[in-house]
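Work through the exercises below with the sequence and the model open. Try each task before reading its solution.

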Amino acid sequence: MPNYRYNSQDYMRRRGCGQATPSPAFSSPQEEVCPVCRDTRTTYDELSGMPLAMAYVPWQEWQNIYEAEKGFCRGTIFEELDKPFCGIGGCQNVR
Amino acid sequence: MWNYEKRLQYPVKITQTNPEIAQVIITQFGGPDGELAASMRYLSQRYSMPYNEVTGILTDIGTEELAHMEMICAIVHQLTRNLTPEQLVESGFDKYYVDHTLALWPQAASGAPWTATYFQSKGDPITDIHEDMAADGTIL
Amino acid sequence: MSDNKPCRAELFEWINVVSFAVDDVKLYLDTHPHDCDALEYFEEFKKQRVQALKEYAKYYSPLTLDTACTPAERWAWIDSPWPWQEGGCQ
């Protein structure tokens with residue numbers, strides 16, 4: 001009977017090497033071979049190579065800070081987090 | 001420990017009473033997606049977080065949610081000032097009034113009392129943060 | 001002789017505005033503890049807030065226990081209006 005007990009080495013040998021590929025905006029998918037692990041992946045998936053079954057959240061940067069008075073009115077000093085509730089099923093006013 | 005500041009985070013100045021809508025808004029105080037649940041969720045989860053950054057943000061957001069809770073209570077309080085018996089009956093607010101008069105009591109709009117079952121705190125950081133994202137969407 | 005007493009409503013509004021800026025940057029710094037721009041932003045608005053709270057307590061009433069003026073003739077902390085009451089937001 002094969003040994004199915006947990007071995008961290010097995011879990012490290014996942015598809016791809018975890019190298020993020022740069023993703024040009026709106027490019028059409030094209031096959032590319034990763035020079036490190038020889039894995040083929042499409043170039044437009046920013047999460048390509050990341051472990052499956054996990055949720056990922058983009059990292060916030062310090063940018064586009066509102067004036068203090070505007071921040072107070074909008075409920076956030078961060079323009080990127082200014083997401084008004086429109087009540088129309090997940091849409092928001094596109095700026 | 002906590003300090004108190006004698007101001008609301010954002011002013012609440014309601015001039016026109018409206019007991020009908022007060023019954024709905026109270027859910028943002030004591031309902032399943034309300035500020036009390038939010039506050040207790042974060043303040044409970046922070047004890048078992050293994051990273052200072054996360055403990056810090058849970059502490060600070062949990063504290064801020066208490067301030068939000070205060071604003072919701074202020075809204076309900078101002079919407080239900082000086083009600084006549086006729087207004088109480090007509091609005092349906094009499095159901096709440098009979099048990100609490102004009103006091104604030106944490107319940108959902110349905111009348112269901114606030115309960116710790118409105119949140120989860122499991123001790124696994126990924127699980128707890130998923131709970132937070134489900135509850136608060138854009139905040140975390 | 002006028003003491004340059006600031007307008008109560010305007011000073012209160014300013015306290016709200018700068019305090020909110022502090023609140024939001026504080027959350028950002030919790031997860032970005034080394035961000036210099038954010039640290040600078042925090043310093044600036046913290047300074048404004050501390051100054052504004054002191055002024056408000058001096059001319060009107062204390063909004064925090066730290067700014068409650070003593071010695072004083074009476075304990076103003078318990079004065080109406082409270083924040084949720086009419087006139088409590090100015």
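**Exercise 1. How much of chain A is buried?**

Task: state what share of the residues of chain A count as buried.

Solution. Start with the rule: a residue is buried if 20 or more other C-beta atoms lie within 10 Å of its own, exposed if 12 or fewer, and partly exposed in between, with C-beta atoms placed from the backbone. By this rule, 6% of the 95 residues of chain A are buried. Before going on, note what kind of model this is: it is predicted, local features need pLDDT of at least 70, side-chain atom pairs count only at pLDDT 80 or more, and totals for chains, interfaces and linings use all residues. Residues are numbered from 1 along each chain as its sequence is written, while chains are lettered from A and ligands numbered from 1 in the order in which they are written.

Next, list the elements of chain A. Helices (H or I, at least four residues) and strands (E, at least two) are DSSP runs, numbered from the N terminus. Chain A has 2 helices and 2 strands, in the order α-β-β-α along the sequence.

Last, look at contacts. Two residues are in contact if their C-beta atoms, placed from the backbone, lie within 7 Å. In chain A, 19% of the contacts with a separation of 6 or more join residues 24 or more positions apart.

**Exercise 2. Describe chain C.**

Solution. Step one: chain C contains 2 helices and 0 strands. The C-alpha atoms of chain C fill a box of roughly 45 × 35 × 25 Å along the principal axes. Step three: 24% of the 90 residues of chain C are buried. Of the contacts in chain C with a separation of 6 or more, 41% are between residues 24 or more positions apart. Step four: the average pLDDT (the predictor's confidence in each residue, from 0 to 100) of chain C is 93, and 96% of the residues score at least 70.

**Exercise 3. Which elements of chain C touch chain A?**

Task: name the elements that give two or more residues to this side of chain C.

Solution. The contact takes 10 residues from chain C and 7 residues from chain A. On the side of chain C, helix 1 (8-31) and helix 2 (36-59) each give two or more residues. Helix 1 of chain C has the largest share, with 7 residues. Now sort by class: Ala, Val, Leu, Ile, Met, Phe, Trp, Tyr, Cys and Pro count as nonpolar, Asp, Glu, Lys and Arg as charged, and the others, Gly among them, as polar. The side of chain C that touches chain A then has 6 nonpolar, 1 polar and 3 charged residues.

**Exercise 4. Find the largest nonpolar core.**

Task: which residues have the most contacts inside the largest nonpolar core?

Solution. A nonpolar core is a set of buried Ala, Val, Leu, Ile, Met, Phe, Trp, Tyr and Cys residues joined through C-beta atoms within 7 Å. The largest has 23 residues, and those with the most contacts inside it are Phe29(B), Ile72(B), Cys73(B), Ile75(B) and Val76(B). Helix 3 (35-45) and helix 4 (52-79) of chain B each supply at least two residues of this core. Helix 4 of chain B gives the largest share, 10 residues. Leaving out residues up to four places away in sequence, Val76(B) touches Ala22(B), Ile25(B), Ile26(B), Phe29(B) and Leu104(B).

**Exercise 5. Check the backbone.**

Solution. Most residues other than glycine have a negative phi, and most peptide bonds are trans. The cis bond joins Ser80(C) and Pro81(C), with omega about -5°. Pro81(C) lies in the segment after helix 2 of chain C. Asn64(A) has a positive phi of about 50°, and Thr101(B) has a positive phi near 45°. Asn64(A) is exposed because 11 other C-beta atoms lie within 10 Å.
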